[in-house]
Amino acid sequence: ANEFILLGLFTNEDVKATCTVIFSLCYLEILSGNLAILLTIRGSHLGEQPMYFFLSYLSLLDVCFTSTVAPKLITDLLVQWNTISFSGCMCQMFHAHFFGATEIFILVAMAYDCYVAICRPLHYVVIMSRRACYILVMASVIGAFIHSLMQVLIIIQLPFCGPNQIDHYFCDVFPLLKLSCTDTRLLKIIIVTTTGVLSILTFVALVISYVIILSTLRTHSSEGRRKALSTCGLHITVVLMFFLPLIFTYVRMADSVSNDKVSALFYTMITPLFNPLIYTLRNADMKNDMRKEWGPQRLSEGN
């Protein structure tokens, strides 16, 4: 197959028209919200703190991750026949997995930062040095690149000689495996064990780390406890919103693609939409710096 047809999310024309407007507004909100966080952190003293250093990368990844899927999803809702070339499909799949996996590793780095801040406060500055932060980001990028390359190498060698309709709104591994005219059961097991088990292990490790963090808070002062609970609460919310749909998608052998589309919509559109709200509405430092950076006074100075 030189090209594939993406069947998308809906067939009803009225639903398509409504969703075009909704998804366009969501995408604009994701871009503006995450870029506002990114520019606020980079333009203020917050970027010197490891938590915000990682948060700026998380916002950048949210923009990149959604941008690999949303523009195509929105334009495909407007046209009747949604084709994508084989190379375009591989490219989209690679980038979706690359940005998604990098985001997973950055969330792990943020949990580690939270753990060191609360459980080893006296050594925090030494352990979470700027060099250590850059190493964690580089390790995240390299790990995600290897993971994404594996997904593409699995699909690229398969023969596609039958139907070319992908029952999804973007190119992903499981919908493509269904189209291959060869036995892919072993490959499905490999993908479930790599992507699925990686997601579960990471999720479990994150939950355990937060349990350890929260259990050590009993020795802290009430003010320190309140601040740490607030920070951990934000992280746990984001982790749950990102990982649960991801695990639902990759840890199962049933061919229920319609459920996949809904859960994929969660981690490609809904989580990146809520991340800026979660990190700004519950975070006093972030709100103060955003007011300074984007408030009427600063904007009038710029003019």
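With a relative accessible area of 12%, Val63 is buried, where buried means under 20% relative accessible area, exposed over 50% and partly exposed in between, for a 1.4 Å probe and protein chains only. The model is predicted, so that local features need pLDDT of at least 70 and side-chain atom pairs count only at pLDDT 80 or more, while totals for chains, interfaces and linings use all residues. Residues are numbered from 1 along each chain as its sequence is written, and side-chain values use heavy atoms, with hydrogens and water left out.

Val63 lies in helix 2, where helices (H or I, at least four residues) and strands (E, at least two) are DSSP runs numbered from the N terminus. Leaving aside its neighbours within four places in sequence, Val63 is in contact with Ile30, Leu31, Asn34 and Leu35, contact being defined as heavy atoms within 4.5 Å. The C-alpha atom of Val63 is separated by 23 Å from that of Cys232, a residue 169 places away along the chain. Thr66 also has its place in helix 2, and at 0% relative accessibility it counts as buried. Not counting residues up to four places away in sequence, Thr66 touches Tyr27, Ile30, Pro71, Thr268, Met269 and Pro272.

Ile37 belongs to helix 1, residues 13-42, and counts as buried at 1% relative accessibility. Apart from neighbours within four places in sequence, Ile37 is in contact with Leu55, Ser59, Pro276, Tyr279, Thr280, Met286 and Met290. Between the C-alpha atoms of Ile37 and Lys227, which are 190 residues apart along the chain, the separation is 20 Å.

Helix 4 can be followed next. Its 34 residues should span 50 Å at 1.5 Å a residue, and the end C-alpha atoms are 49 Å apart, which agrees; the expected span is 1.5 Å times one less than the number of residues. Because 24 of the 34 residues of helix 4 are buried, this helix is largely enclosed by the rest of the structure. Helix 6, residues 130-156, has 27 residues and reaches 39 Å from its first C-alpha to its last, close to the 39 Å expected. The buried residues of helix 6 include Cys133, Val137, Ser140, Ala144, His147 and Ser148, and what covers the buried residues of this helix includes helix 2 (50-67), helix 4 (86-119), helix 7 (173-179) and helix 8 (185-216).

Phe4 and Phe86 form a tilted pair, 5.9 Å centre to centre with 40° between the planes. Phe4 lies in strand 1 (residues 3-6) and Phe86 in helix 4, so the pair ties together parts that are 82 residues apart in sequence, and both Phe4 and Phe86 are buried. The rings of Phe94 and Phe145 have centres 5.7 Å apart and planes at 80°, so this pair is edge-to-face, and it links Phe94 in helix 4 with Phe145 in helix 6, 51 residues apart. Phe94 counts as buried at 15% relative accessibility, whereas Phe145, at 40%, counts as partly exposed. Ring pairs also link Phe65, Phe203, Phe242, Phe243 and Tyr267 into a cluster.

On a 1 Å grid over the protein atoms alone, a cavity is a set of points where a 1.4 Å probe fits but cannot get out, a pocket is an open set with protein on both sides within 12 Å along at least five of seven lines, and lining residues have an atom within 4 Å of a point. Grid points are joined across faces, edges and corners, and a volume is the space filled by probe spheres set on the points. A search of the whole structure finds 3 cavities of 30 Å³ or more, and about 180 Å³ of space lies in the largest cavity. Of the 17 residues that line the largest cavity, His97, Gly100, Ala101, Leu246 and Tyr250 lie nearest its centre, and helix 4 gives the most to this lining, with 5 residues. The largest pocket holds about 600 Å³ of space, and helix 9 supplies the largest share of its lining, 9 residues.

Key:
Phe/Tyr/Trp six-rings, centres within 6.5 Å; stacked < 30°, edge-to-face > 60°.
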